[in-house]
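Please read them with the sequence and the structure side by side.

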Amino acid sequence: MGANSKSVTASFTVIAVFFLICGGRTAVEDETEFHGDYSKLSGIIIPGFASTQLRAWSILDCPYTPLDFNPLDLVWLDTTKLLSAVNCWFKCMVLDPYNQTDHPECKSRPDSGLSAITELDPGYITGPLSTVWKEWLKWCVEFGIEANAIVAVPYDWRLSPTKLEERDLYFHKLKLTFETALKLRGGPSIVFAHSMGNNVFRYFLEWLRLEIAPKHYLKWLDQHIHAYFAVGAPLLGSVEAIKSTLSGVTFGLPVSEGTARLLSNSFASSLWLMPFSKNCKGDNTFWTHFSGGAAKKDKRVYHCDEEEYQSKYSGWPTNIINIEIPSTSVTETALVNMTSMECGLPTLLSFTARELADGTLFKAIEDYDPDSKRMLHQLKKLYHDDPVFNPLTPWERPPIKNVFCIYGAHLKTEVGYYFAPSGKPYPDNWIITDIIYETEGSLVSRSGTVVDGNAGPITGDETVPYHSLSWCKNWLGPKVNITMAPQPEHDGSDVHVELNVDHEHGSDIIANMTKAPRVKYITFYEDSESIPGKRTAVWELDKTNHRNIVRSPVLMRELWLQMWHDIQPGAKSKFVTKAKRGPLRDADCYWDYGKACCAWQEYCEYRYSFGDVHLGQSCRLRNTSANMLLQYI
């Protein structure tokens, strides 16, 4: 944008959308909705796995390199030190797998503030490659959001939930963050959580249930949280977590898969993302505590519905792990999973999501893999015996007034693996021999072979399978309104709407609508009737990658419009209309070379500013463009 991009005209639009976070009254006039004047709302961001900077809290002399580690030096992520002093960097990152303490020679702690989540490795080259929430914050600034209205709550993403609270008092601090925001701005907060940040927020809600008096729990939530945006939430886990456990995932960093595996398996948080069955549940610690069963808290009850044993794959598309192990190392626990047994030949074992979450896989390879005992220890102590609840159990709808579940879809996503011994020593002792992907309506291997299984009509976001992302559709009621609209700006001619679509609890609901070729759509599933005073919505964004979704301008546009709609006292509907989408910012205007003018003439005009280097940059919002926001009420 040019030098005068913040012109009076554009600023009027900015001020209009400023009300998004700065507060106001909601459209629904009842006692459960947010009331108040402007400048009330706050936005609280909970980042995902590996999306918070970690800084050194030690003095570590690194031999053979001038790059030592000193207090507050960047550890995650400093690619320069990673390349030149990998052994020192490893010491500052790794944790003890049994007690989750730091390496004796170096310790790291999460950075604080918004800068900790914007760019992991700032720099001309590395900055754009490690950007996470920077674009999100740019939108906030461009739309005039006040600095103290957006709060980041970084955390040490290497730790399990119990260790987060035990070492850093993270959930106590998070509770104070909400209470401080309410006192500072006078209104509740909007929660934006991405990926594993949703797991953290879910644990916080359960922890809070035990922290405050039961009769005040829902009241506290209503006072402090206006809406929850769950972005890319692995609601039933992610298969990449088990891939990382057995072979390592480098995320493009210049380290070996063996090194990545050593790090991953030292982080107890890796198991927090483990796939689990939708049919298996743990005991309710809250009700156990108040029914006199607290003395039995060390004897966790974990049970599965009959459906788990009557159907295949724990409700997932296929077995997640298929692994060859020498027949001499098979334990009794694994015998039930054997497909064949031949003397002296490897045995192929297959494991469902339930058998990953309950530790059956690690018991089966315990005699063959030195990491198995460590994984079993972490799984039992930090998850199965968690004092709050077992996180490896299905989500229920959070008891928050407004819940928006948002994820990418229709991308080729990994759903299963074949492993075999590599013949190399630990940690490189396993090799992936094949990968199973979910595609539209089928499962295929890496070689292109069709695989048997329960393939769904929709696929995931390249990282988390659709089965896990879409679990939040179970939070919708028996009648759902479905709207499918193009992601780019549109005039409403290609918007499809179906009202009061029947939805059976426990079953998927799919928009059976015709899509134009080469057009990306966003599909809205909305329910404001099944729970009085509460709204639930699911947004599916075509071809949107898991890691890039928080940088998606389409997502940010829809989020701002929904919040703009909510604060209008005269709004006629519970959700913002999708009938039309026009430019909201100068950056949304562009030059139409076919018509030799700025596109969207109703909203955009050619207005050159010194410094513009191309025609599209000189296309800016008109004086009357702010009025377009009124159509969303």
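1. Both Cys62 and Cys88 are buried, and a disulfide joins these two residues, with an S to S distance of 2.3 Å. Since the model is a predicted one, this distance, like every other value in these notes, is computed from the predicted coordinates.

2. The two ends of this link belong to distant parts of the chain, for Cys62 sits in the loop between β2 (54-56) and β3 (74-76), while Cys88 is in helix α3 (residues 86-93), 26 residues apart. The angle about the S-S bond is -135°, and the link of Cys62 and Cys88 is left-handed.

3. Helix α3 also holds Cys92, whose partner Cys106 lies in the loop between α3 and β4 (108-110), so that this pair ties together parts 14 residues apart in sequence. The S to S distance in the disulfide of Cys92 and Cys106 is 2.0 Å, and Cys92 and Cys106 are both buried.

4. What is the handedness of the disulfide of Cys92 and Cys106? The torsion about its S-S bond is about 95°, and the disulfide is therefore right-handed, whereas the link of Cys62 and Cys88 is left-handed.

5. Cys589 is in the loop between α19 (553-566) and β21 (591-592), and Cys604 is in strand β23 (residues 604-606), so placed that the pair links distant parts of the chain, 15 residues apart. With -75° about the S-S bond, this link of Cys589 and Cys604 is left-handed.

6. Are the two cysteines of that pair buried or exposed? Cys589 has a relative accessibility of 4% and therefore counts as buried, and Cys604, at 0% relative accessibility, counts as buried too.

7. Taken as a whole, the structure holds six disulfides. When the bonded cysteines of the chain are numbered in sequence order, the pairing reads 1-2, 3-4, 5-6, 7-8, 9-11, 10-12.

8. Two further cysteines deserve a remark. Cys140 is buried, its relative accessible area being 4%. As for Cys597, the closest cysteine sulfur to its own is that of Cys598, at 6.9 Å, which is too far for a bond, given that a disulfide requires the two sulfur atoms to be within 2.5 Å.

Terms used:
Residues are numbered from 1 along each chain as its sequence is written. This is a predicted model: local features need pLDDT of at least 70, side-chain atom pairs count only at pLDDT 80 or more; totals for chains, interfaces and linings use all residues. Side-chain values use heavy atoms; hydrogens and water are left out. Helices (H or I, at least four residues) and strands (E, at least two) are DSSP runs, numbered from the N terminus. Buried means under 20% relative accessible area, exposed over 50%, partly exposed in between (1.4 Å probe, protein chains only).
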